[in-house]
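Visitor: I am new to this structure and would like to learn how to read it. Could you walk me through its features one at a time?

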Amino acid sequence: MFAAAAENPLAFFADSKSPTAEAPASTRKTILLVDDDPALRDLLCKILTSKNFTVVEAGDVASALKLISSQKFDALLSDLHMPSPGDGLTVISAMRHASPKAVTMLLSAFPEMDAASHAIMLQADQILVKPMDVTALVEAIKERLTAGAPPTRLVETVATILERTADLTIEDWYSHVEKDQLVMSVPLTYEQRTSHLPQVIRDLVLRLRSSKPIGTKEYQSAAAAEHGANRCRQGYSAAMLVEESRMLQVSVFHTLRKNLATIDFSILLTDVMTIADEIDSQLSQAMATFVKEPAREALPA
């Protein structure tokens, strides 16, 4: 959003050129314009239309997604924050799926976002920094349309990424565990320490692909229950079991960060919440058998 759009939106787009001669409708490129500021959106629409583009407008992410699923576009011009940070990435990802050859461009008033810029550039063809004059905007769009979209990127779901990188995630997890003196105070082999993780990751993948709501109690993991009992027999404390689970979340998110180039951003937030929910659910199940294990061992054979 432009900070002073309400005061004088025209100040951000001072066009120094005369109106362009109108081109036949059949030769016009169609742009999907997405911005939650109606005044700015109306201004951009008028400018782009005067420059021989056909413009379709959307004021929020939901409206944009409906248009993307029902129409074909040559280009997407979307604000990054609408109003939540990164909303534009959801629109970009959807366009990548529906129209891989469409040029995708983001408008951002925050060019200093170093942490996010890498992820954004992996999804969008170009970032346009607000404010900018209309001549630069139009020329940027024309140049991108002339060059065409880059080669289609591989886009994967979070479930597919976790499935593909399971061994690397386990290795990363173990590297964290090795640095924890309390957890490592219990002497175990690598196999004993990590044997539960392949099934944990399979359960995560299953949960992600099930589309079950956050907080569901439907899935019960026999492997998680057995893991809790095993850790009790191996001499773990409850705090150590919790710490191992925390480090697993860190390693899973580390894996996702290393695969930003292929992640489907349109469902990333929901998937991250699902991962956290499922790992916590498995910890709860493991803890239930962990606390019962001493009493179970005291029973007569």
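Guide: Gladly. Let us start with the word contact, which means heavy atoms within 4.5 Å. Here, leaving aside neighbours within four places in sequence, Leu162 is in contact with Ile201, Val205, Leu208, Val252, Thr255, Leu256 and Ile275.

Visitor: What kind of model is this, and how are the residues numbered?

Guide: This is a predicted model, where local features need pLDDT of at least 70, side-chain atom pairs count only at pLDDT 80 or more, and totals for chains, interfaces and linings use all residues. Residues are numbered from 1 along each chain as its sequence is written, and side-chain values use heavy atoms, with hydrogens and water left out.

Visitor: How many helices and strands does the protein have?

Guide: Helices (H or I, at least four residues) and strands (E, at least two) are DSSP runs, numbered from the N terminus. In this protein there are 13 helices and 5 strands. Among contacts with a separation of 6 or more, 72% are between residues 24 or more positions apart.

Visitor: What share of the residues count as buried?

Guide: Buried means under 20% relative accessible area, exposed means over 50%, and partly exposed lies in between (1.4 Å probe, protein chains only). Of the 301 residues, 48% count as buried.

Visitor: Which residues have the most contacts inside the largest nonpolar core?

Guide: First, the general idea: in soluble globular proteins, nonpolar side chains tend to be buried together. A nonpolar core is a set of buried Ala, Val, Leu, Ile, Met, Phe, Trp, Tyr and Cys residues joined through side-chain atoms within 4.5 Å. The largest one here has 35 residues, and Leu162 and Ile275 have the most contacts inside it. Two or more residues each come from helix 6 (158-164), helix 7, helix 10, helix 12 (238-258) and helix 13 (268-298). Helix 13 gives the largest share of this core, 7 residues. Another core lies apart from it, with 22 residues, including Ile31, Leu48, Leu128 and Ile141.

Visitor: At what angle do helix 7 and helix 10 pack?

Guide: Axes are lines fitted to C-alpha atoms, for helices over the stretch in contact, and angles run from 0 to 180 degrees between N-to-C directions. Helix 7 (residues 166-178) and helix 10 (residues 197-210) pack at about 125 degrees, their axes 10 Å apart. Helix 7 is therefore oblique to helix 10; angles under 35 degrees count as roughly parallel, over 145 as roughly antiparallel, 65 to 115 as roughly perpendicular and the rest as oblique. Ala166, Thr169, Ile170 and Trp173 of helix 7 make the contact with Leu197, Pro198 and Ile201 of helix 10. By class, this contact of helix 7 with helix 10 has 6 nonpolar, 1 polar and no charged residues. In that count, Ala, Val, Leu, Ile, Met, Phe, Trp, Tyr, Cys and Pro are nonpolar, Asp, Glu, Lys and Arg are charged, and the others, Gly among them, are polar.

Visitor: How far apart are the axes of helix 7 and helix 12?

Guide: Those axes are 9 Å apart, with a packing angle of about 135 degrees. This makes helix 7 oblique to helix 12. Thr169, Asp172, Trp173, His176 and Val177 in helix 7 meet Glu244, Met247, Leu248, Val250, Ser251, Val252, His254 and Thr255 in helix 12. The classes in the contact of helix 7 with helix 12 are 6 nonpolar, 5 polar and 2 charged residues.

Visitor: Is Gln249 buried or exposed?

Guide: Gln249, found in helix 12, is buried, with a relative accessible area of 16%. Beyond neighbours within four places in sequence, Gln249 is in contact with Ala276, Ile279 and Asp280. The C-alpha atoms of Gln249 and Trp173 are separated by 8.8 Å, although these residues are 76 apart along the chain.

Visitor: What is the angle between helix 2 and helix 3?

Guide: Helix 2 (residues 61-70) and helix 3 (residues 87-98) pack at about 5 degrees, with axes 10 Å apart. The two helices are therefore roughly parallel to each other. The contact of helix 2 with helix 3 has 8 nonpolar, 1 polar and 1 charged residues.

Visitor: Which residues does the cis peptide bond join?

Guide: Met82 and Pro83 are joined by a cis peptide bond, with omega about -10 degrees. Pro83 is found in the loop between strand 3 (75-79) and helix 3.
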